[in-house]
Structures are given as structure tokens and as C-alpha cells.
Amino acid sequence: MLGLMQSQQLLISSLIEFAERHHGEGEVVSRRVEGDLHRYTYKEVGARSRQVANALDAMKLGFSDRVATLAWNGYRHLELYFGVSGSGRVLHTLNPRLHPDQISWIANHAEDSVLCFDMTFLPIIKAIHGRCPTIKHYVALCDADKLPADSGIPGLLSYEAWIGAQSSNYQWPSFDENSASSMCYTSGTTGNPKAALYSHRSTMLHALAGALPDALSMSARDCVLPVVPMFHVNAWGLPYSAAMTGAKLVFPGPGMDGKSIYELIEGERVSFAAGVPTVWQMMLGHMSAGKLRFSTLKRTVIGGSACPPAMITAFNDEYGVEVLHAWGMTEMSPLGTVCTLKNKHLELDSSDKMKVRLKQGRGIFGVDMKIVDDQGRELPWDGKAYGDLLVRGPWIISDYYKGEGGSPLVDGWFPTGDVATIDADGYMQITDRSKDVIKSGGEWISSIDVENIAMAHPAVAMAACIGMKHPKWDERPIIAVVKKPGAEVSREQLIAFYEGKTAKWQIPDDVVFVEAIPLGGTGKMQKTKLRELLKDYQLPGT
Ligand code: AMP
């Protein structure tokens with residue numbers, strides 16, 4: 001017997017329809033490439049998204065055709081999120097931090113038809129437009145009078161003229177919720193990049209679960225600042241969850257430095273912000289230098305790489321901001337776990353609470369997790385056993401776009417490439433990427449643990465731990481350190497700093513001071529590059 005409920009497809013267009021109807025006056029504020037702050041409402045987002053849909057129809061783009069973006073977080077990008085996917089095309093967010101060779105490779109692989117870009121990225125467009133035969137239209141996200149006469153891009157359109165010529169009357173189409181809605185290529189450490197291809201259904205379920213109180217807890221009372229880029233895994237789904245809840249949205253545009261972010265938080269009365277640790281590092285540096293305080297910020301979700309304990313403490317103890325440590329992947333849309341406390345933790349003293357907050361958190365509803373040993377046997381949830389982390393759920397990939405790399409699943413589970421523990425309360429803690437784990441004398445050393453201790457030293461801005469070949473122990477950890485400007489610490493002082501904080505054999509054998517740690521396109525430390533930089537390095541005593 002079937003249930004007798006209405007069958008309605010879960011479609012992204014319903015989000016903007018809802019926001020327009022129920023939160024029409026809700027604000028969307030964006031710092032623009034032009035430098036000013038742009039301010040309008042969900043009602044206008046809806047109207048202009050429909051103009052985008054009409055403009056794509058006028059270009060005769062077919063169902064599932066790819067529309068690429070190369071853009072900062074901003075209102076025009078948001079309109080493309082809804083206009084492109086809502087009308088049945090696939091939004092392909094390109095990462096402008098990649099090399100133009102990689103960008104053109106990705107655009108060709110995706111067979112993009114249209115590319116919409118912020119003027120900041122005109123040099124990239126100039127470098128790639130002759131190499132991307134499938135792209136028929138380039139649209140600059142600006143007013144008609146801002147188009148450079150000498151762009152060198154034949155037929156270059158201005159976004160405002162392009163959508164301005166269209167009516168805002170449009171009926172969002174209904175189609176199968178399993179249709180593709182957007183795509184994002186992984187930064188992949190080996191081989192060519194591979195794309196996760198999200199569906200309307202997966203995006204809607206992810207946005208629903210992401211908005212839950214024990215996930216990101218979003219509501220119409222929130223003012224949300226996604227610092228995490230809209231070109232990386234749909235800004236963790238925040239644009240969708242914001243429309244679903246009617247939260248005010250604030251976009252930083254190209255202003256990603258500590259000062260700009262801080263001023264935006266204060267100026268727009270942001271209550272909730274999301275970003276990777278490197279962004280917050282810059283902002284906290286700016287705040288401590290100027291003895292600044294927050295007046296409205298209540299919580300911040302930090303993920304993308306491990307959040308150093310010192311950062312959680314700074315937000316919590318110095319500024320009264322709750323940190324939600326979160327973990328996920330491009331292949332997971334991306335939310336997997338968020339660290340929120342359970343009722344029983346509320347009575348704990350602050351140092352025990354901190355031990356919980358340091359973990360990457362509990363799986364949100366919809367994400368099933370397990371850890372396995374080398375033979376694929378499931379390991380206990382005791383907070384001690386660590387193994388390969390596998391996941392499954394309705395917003396986790398089943399295959400990569402075009403079947404690249406073969407089937408990624410093992411018995412229906414997606415291997416994340418992360419190594420983790422899970423405790424009896426379901427809190428997962430990442431100890432490493434499987435390729436970064438350091439094996440010393442048959443035991444594993446978590447590079448994240450070694451880094452976290454160094455990062456707690458007041459003179460350390462950033463630290464990366466890697467294993468070096470050792471004749472006796474197989475591998476031994478060393479730590480590459482970037483000092484804070486004007487701060488001093490010696491090799492011996494830093495090694496002494498580890499005393500009592502970890503087992504003796506987990507203390508790094510050496511400290512190497514470097515100018516910078518190589519970061520990838522999504523702000524993650526690139527340990528392969530670091531290893532290349534240190535290829536002539538020799539461990540002391542070997
Ligand atoms: P990406 O698909 O580029 O977002 O990268 C996903 C990977 O980033 C994960 O598999 C983890 O290795 C890492 N990652 C994401 N969030 C965290 C976190 N909170 N702590 C540690 N590693 C993380």
C-alpha cells in the first residue's frame with residue numbers, strides 16, 4: 001500500500017520561491033569587486049534569478065547543459081545558483097585559485113557552454129578562452145559600462161545587459177529531482193581532478209539537514225557570512241540553507257583579509273560565519289593587534305582542515321564565540337559531521353568540554369559512518385581504535401562525473417581517505433589523511449596532533465608535520481613552522497614546548513623554519529609540495 005501524500009519533486013527553485021514569498025524583505029548584502037557594498041532583498045534575488053533563467057533559454061541552452069562560474073561570493077553568483085539550477089541546467093563552479101591550465105582542462109572536461117566571471121578573473125579568461133571550444137558565451141559579472149573595450153574576448157557580454165534584456169516572468173519547470181543541479185571538481189592530490197555531480201534531491205536534503213540545530217542551526221533570526229567560497233562545494237550549502245530558513249546573507253566578495261572580514265561582521269551584525277582555519281587565523285590576528293571585540297557574532301563553523309585547539313580557545317574564551325568544528329568533503333556535498341555538545345556535556349568543566357569540541361563531531365542525520373582496519377573489518381566506536389573512515393548517505397557521491405577513476409565505492413561505502421576514531425557517543429576525530437599518517441616504529445603518529453601542539457605556541461603562525469625516512473624507525477615526524485611576524489622561538493624552545501603534552505616518541509625530531517607552507521586552491525596545506533621543498537633535508541643523527 002502506498003502512502004497518500006502529494007508527490008512533489010525536491011527542486012532548488014523551491015528554495016528561492018520560498019525565500020521570496022516568506023522572507024521577501026530578507027536582506028542579501030555583498031561586497032562587490034567594484035569596492036562598494038550592494039544591498040537588496042530575497043524578492044529581488046528571485047526576480048533576477050528568473051531573468052537568468054530566461055537569458056539561458058534565449059541562448060537556447062538545453063536541459064543539463066553546464067554553466068560555469070569563476071566568481072567570488074556575491075549576489076550575482078547567488079542569482080546564478082538559483083537561475084542556472086532552477087531552470088534545469090547544471091551550475092559548474094570553477095576554482096579561480098587553480099592554474100589556468102587546470103581551469104581550462106576542467107572546463108573542457110565538463111563541456112561548459114557558458115562561463116560567467118567576476119572582472120577580477122579577466123586575466124584567467126584571457127588565458128583560457130582560446131582553449132575551451134565548448135564555451136560559446138562569456139559573461140562578465142558587471143554593468144555594461146564596466147566592460148573593457150579591449151578585453152580580447154569575442155562577443156563578451158555584461159551580466160547586467162544580458163539579464164536586463166529579459167523579463168522576470170518565468171515559471172520554474174518541474175522535473176525529476178534526481179537531475180543534476182551543480183558540479184564541483186575535487187582538488188585531488190593524484191591524477192586529474194574529478195567531479196562530484198550533485199542532484200537537486202541531494203542538495204535539498206543536504207540543505208535541510210545542514211540547517212538543523214545540531215548541525216549549523218540556521219534560522220530567520222540569523223545573519224550568515226559564508227567566507228567559505230561559493231566556488232568550493234557550494235559554500236558548504238549555506239546559500240541553499242539560508243534561502244530555506246530566510247536567514248540574512250552577507251557575502252565578502254574579494255575582501256577575504258582579516259580586516260575586511262572583521263568590518264563586515266561588525267557592520268552587518270553577522271551572527272554566524274563559516275570558513276576554513278586560515279581565514280580565521282588572519283581575522284584573529286587583526287583583532288588581537290587592534291584589541292577589537294565582536295558585538296554580534298555568536299558562532300562560527302570551522303572546517304576544511306583541522307581547526308587548531310588554540311583557535312577554538314581564542315574564539316570561545318576570548319571572544320565568547322562558539323566554534324562548531326565540522327568535517328566533510330567535496331564528495332559529500334560537503335557536510336559529514338559537526339561538533340555540537342550533547343546534553344550530558346553541558347555539566348563538564350571547560351577543559352573537558354574542550355576535549356569534545358576538538359573532535360570533528362557527530363555525523364549529521366543522513367550520514368552513516370564506519371571505521372575499518374586494513375582488512376576492511378569494522379572497528380569499535382571506543383574513541384581509541386583508528387582506521388579508514390567510510391561514509392554513505394543520500395548526499396554522498398556514487399560515482400564521479402563521466403565515471404572517472406572507476407567506481408569509488410567499496411560495498412556501497414565511500415572511502416574518505418581520512419583516518420579517524422569514533423567514540424561511544426558517536427564523535428568522530430580525524431587523526432590524518434591516510435597518506436599523511438606517520439609510521440614510526442610500527443606505531444602511527446597523527447600529524448594533526450603534532451601540528452596542534454605547535455600551533456598553540458604563541459610565536460607560531462602555522463605548522464605542518466610530515467614524516468621523514470628514518471633507518472631505524474621507518475619514519476620520524478618533523479615540523480615545518482612559520483613564525484608570527486616579529487615573534488621569536490628557537491628549535492630547542494619549540495621541542496621543549498612538547499614536553500608533557502604528548503608521548504615522548506611522538507615529539508618531532510626537528511623543527512624547520514620556513515617562510516610559508518604551500519597551500520592548495522582550497523586553503524589546505526599541500527604536504528606533497530612541502531615534501532618536495534624539503535627533499536634535500538636530512539634528519540639529525542641519520
Ligand atoms: P575537500 O574535498 O577539498 O573539501 O577536502 C576534504 C578533506 O579535507 C577531507 O577528506 C579531510 O581530509 C579534510 N578536512 C575537511 N574538514 C576537516 C576537519 N575539520 N579536520 C580535518 N580535516 C578536514
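**Figure 1. Helices α7 and α9 cross in this predicted model.** Helix α7 covers residues 200–211 and helix α9 covers residues 238–245. Their axes come within 9 Å and cross at roughly 70 degrees. Angles of 65 to 115 degrees count as roughly perpendicular, and α7 and α9 are therefore roughly perpendicular to each other.

**Figure 2. Residues in the contact of α7 with α9.** On the α7 side, the contact is made by Thr203, Met204, Ala207, Leu208, Gly210 and Ala211. On the α9 side, Tyr240, Ser241, Met244 and Thr245 take part. How many of these residues are nonpolar, polar and charged? Six are nonpolar, four are polar and none is charged.

**Figure 3. A salt bridge between glutamate 27 and arginine 39.** The closest N and O atoms of this pair are 3.1 Å apart. Glutamate 27 lies in strand β1 (residues 27–31), and arginine 39 lies in strand β2 (residues 37–41). The two residues are twelve residues apart, and the pair links distant parts of the chain. Is glutamate 27 buried, partly exposed or exposed? Its relative accessibility is 25%, so glutamate 27 counts as partly exposed. Arginine 39 has a relative accessible area of 43% and is partly exposed.

**Figure 4. A salt bridge between glutamate 111 and lysine 402.** Here the closest N and O atoms are 2.9 Å apart. Glutamate 111 is in the loop between α4 (100–110) and β5 (112–117). Lysine 402 is in the loop between β18 (387–392) and β19 (414–422). The pair links distant parts of the chain, with 291 residues from one partner to the other. Glutamate 111 counts as partly exposed because its relative accessibility is 36%. Lysine 402, with a relative accessible area of 43%, is partly exposed.

**Figure 5. A salt bridge between arginine 377 and aspartate 373.** The side chains of these two residues meet at 2.9 Å, N to O. Is aspartate 373 buried or exposed? Buried means under 20% relative accessible area. Aspartate 373 has 18% relative accessibility and therefore counts as buried.

**Figure 6. A network of salt bridges.** Which residues are joined in the network? Its members are Arg32, Glu34, Asp36, Arg48, Arg76, Glu79 and Glu160. Salt bridges that share partners join these residues into one network. For the predicted model, the count comes to 33 salt bridges.

Terms used: Residues numbered from 1 in each chain as written. Predicted model: local features only at pLDDT ≥ 70, side-chain atom pairs only at ≥ 80, totals over all residues. Heavy atoms only, no water. Axes fitted to C-alpha atoms, helices over the stretch in contact; angles between N-to-C directions. Helix = DSSP H or I, 4+ residues; strand = E, 2+ residues; numbered from the N terminus. Parallel < 35°, antiparallel > 145°, perpendicular 65-115°, else oblique. Contact = heavy atoms within 4.5 Å. Nonpolar A, V, L, I, M, F, W, Y, C, P; charged D, E, K, R; others polar. Salt bridge = Lys/Arg side-chain N within 4 Å of Asp/Glu carboxyl O. Buried < 20%, exposed > 50% of the residue type's maximum accessible area, 1.4 Å probe, protein only.
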